[in-house]
Amino acid sequence: MIAMPNSAAVMLPLDPTDAVLQRFARLEQQRLWPNGPRHLGVDALGVLVMVGLARTLGDPAWIDRAEALVGEVDRVLRRRRGYRAGEGALRDEQVFHELAVWVFALAVLGEERPGYRARAVEVVREVHRAFVAPGQGVHARRGEDVDHASPDTGFGALDPIRGWVVYRVIDEVGLAEEIAEMEQLLRVSYPRLRVDRDVALGSLLWLLHFFPDDLWARVLRERVLASLERMWLDGPGCFSRGPQARNARRALGNHAIALGLRANGLQPDRVARTHLYWETERWRGADRGIAPQMIACASLLPVALLRRGPADFSAAGVP
């Protein structure tokens, strides 16, 4: 485990565990989740939040619920190789960044129940060769059977970093060959990488906290924080969608950024103000969807998303 810098306590608008439990109850009552349509990325975050609840509350029933959710995802989305992105005609493809967070979630669940880490490694080996073009990049999307690329999609800008980080977290020895291919792509791509959108910035910041002392991580962290500085809106107390989109804001991106900042122990006051803004501001339109709400839960209770143990997490002063 990697020790992260301590930070002042994040004063969230209400107890984060209670906030997550309330949100889970509303989602279930509305039949949106986990009893709604399957979505691989959302379900991966759900597994991680459930593991976080189990660790925070000391209640293994949440691990049972996480295992049941994995079973449902397997039933609906599992394919001969990999997992499709979700239910419905518009989700009949495989998406690398969603696969990455799914195998990460399986590996974390494997810390509580045996067998899931091995399943994560198995899925990586199933899909890696289809997604990775050595020396070129990582295909952002593939067809449902992963044998062909989805139309009109190219390489994912963050996917070499996602692959390298997640593979190392899952099994640094068993996935050594795949890690080496991802590292080659990472080393070539990071010097020119520029990210200017909220969700991507938050995702990148979360990835950077796993290996914070690497040169590439230090370089990219400076870039991310510089962008976030231009995106902060001090009046309302939240982030805009991007440095060039300061009149737009959305819950999805704000909670992704808050998660990334918390993972790195950075800007606790802004994290708290961001959560307060979205708890008091009426969520509108797409902001009421399942993805923004699940990322909000992950940001409120990120215990299982961090590269450190619960004791270290508490010592950092985060509720």
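Predicted model: local features only at pLDDT ≥ 70, side-chain atom pairs only at ≥ 80, totals over all residues.

Q: OK, and which side chain does Arg 79 meet in a salt bridge?
A: The partner of Arg 79 is Glu 144, and the N to O distance in this salt bridge is 2.5 Å.

Q: Which residue does Asp 64 pair with?
A: Asp 64 forms a salt bridge with Arg 113, and their closest N and O atoms are 3.0 Å apart. This pair links distant parts of the chain, since Asp 64 belongs to helix α3 (residues 61-77) and Arg 113 to the loop between α4 (96-109) and α5 (116-131), 49 residues apart.

Q: How accessible are those two, Asp 64 and Arg 113?
A: Asp 64 is partly exposed at 42% relative accessibility, and Arg 113 is also partly exposed, with a relative accessible area of 21%.

Q: What about Arg 270, buried or exposed?
A: Arg 270 is buried, because its relative accessible area is 18% and the cut-off for buried is under 20%. Its salt-bridge partner is Glu 229, with the closest N and O atoms 3.0 Å apart. Arg 270 lies in helix α11 (residues 268-280) and Glu 229 in helix α9 (residues 215-231), so the two tie together parts that are 41 residues apart in sequence. Glu 229, for its part, is partly exposed, with a relative accessible area of 46%.

Q: Which residues are linked in a network of salt bridges?
A: Arg 55, Glu 111, Glu 112 and Arg 117 are linked in such a network.

Q: Switching topic, how many cavities of 30 Å³ or more turn up?
A: Searching the whole structure gives two cavities of that size, 30 Å³ or more. The largest cavity has a volume of about 60 Å³, and the residues lining it include Phe 96, Val 123 and Tyr 167.

Q: Which elements give that lining two or more residues?
A: Those elements are α4, α5 and α6, and α4 provides the largest share, with four residues. By class, the lining of the largest cavity has nine nonpolar residues, with no polar and no charged ones.

Q: And the largest pocket, how much space lies in there?
A: The largest pocket holds about 550 Å³ of space. It is lined by 23 residues, of which Leu 45, His 97, Val 199, Ser 203 and Ile 295 are the closest to its centre.

Q: Which element gives the most to the lining of the largest pocket?
A: That is α8, with six residues. The elements giving two or more residues to the lining also include α2 (40-57), α10 (251-264) and α12 (290-300).

Q: How does the lining of the largest pocket split by class?
A: The lining of the largest pocket has 16 nonpolar, five polar and two charged residues.

Methods:
Residues numbered from 1 in each chain as written. Heavy atoms only, no water. Salt bridge = Lys/Arg side-chain N within 4 Å of Asp/Glu carboxyl O. Buried < 20%, exposed > 50% of the residue type's maximum accessible area, 1.4 Å probe, protein only. 1 Å grid on protein atoms, 1.4 Å probe; cavity = no way out; pocket = protein on both sides within 12 Å on 5 of 7 lines; lining within 4 Å. Points joined across faces, edges and corners; volume = space filled by probe spheres on them. Nonpolar A, V, L, I, M, F, W, Y, C, P; charged D, E, K, R; others polar.
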